[in-house]
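Biologist: Please go through this model with me. I will ask what the terms rest on.

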Amino acid sequence: MFLGSEIFVGKLPRDLYEAELVPVFETCGNIFELRLMMDFSGTNRGYCFVQYYTAANAIQAIEKLNDHEIRPGTINTALAASISDVTSLYFYFLSIQGGSLEL
């Protein structure tokens, strides 16, 4: 993990996939990883994480692609990009029955 090199991208159209996303984000530098969050139905959840090799590329992507229309002429397709807070770890729906949880 490269500190400060991952961005969060929201407001994605639900029918948008990696084939359309990767070329857009590659304009700002080499991508280390793109994680598109998916529903069980096979559509995306409207957001993804893009990690670059350098923090400079991540900052460039935010400056260049925040409010970028991924599909010009289509309503509500302006991306929302920001640095991802990679220092947080969240646990949801933990159930501990008759014991303790050790991390």
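Modeller: Start with valine 50: beyond its neighbours within four places in sequence, valine 50 contacts Ser5, Glu6, Ile7, Val9, Phe25, Ile31, Glu33 and Leu34. Contact means heavy atoms within 4.5 Å. The model is predicted, so local features need pLDDT of at least 70 and side-chain atom pairs 80 or more, while totals for chains, interfaces and linings use all residues. Residues are numbered from 1 along each chain as its sequence is written, and side-chain values use heavy atoms, without hydrogens and water.

Biologist: What makes β1 and β3 a pair?

Modeller: Strands (DSSP runs of E, at least two residues) pair if DSSP finds at least two bridges between them. Strand β1 (residues 6-10) and strand β3 (residues 44-52) share four, in the antiparallel sense. The bridge partner of isoleucine 7 in β3 is valine 50.

Biologist: Why is phenylalanine 32 called partly exposed?

Modeller: Its relative accessible area is 41%. Buried means under 20% and exposed over 50%, with partly exposed in between (1.4 Å probe, protein chains only), so 41% falls in the middle class. Phenylalanine 32 lies in strand β2.

Biologist: Which residues touch the most other members of the largest nonpolar core?

Modeller: Ile7, Leu21, Phe25, Val50 and Tyr52, out of 19 residues. Such a core is a set of buried Ala, Val, Leu, Ile, Met, Phe, Trp, Tyr and Cys residues joined through side-chain atoms within 4.5 Å. β1, α1 (18-26), β2 (31-38), β3 and α2 (55-65) each supply at least two residues of this core; helices are DSSP runs of H or I, at least four residues. The most come from α2, with four.
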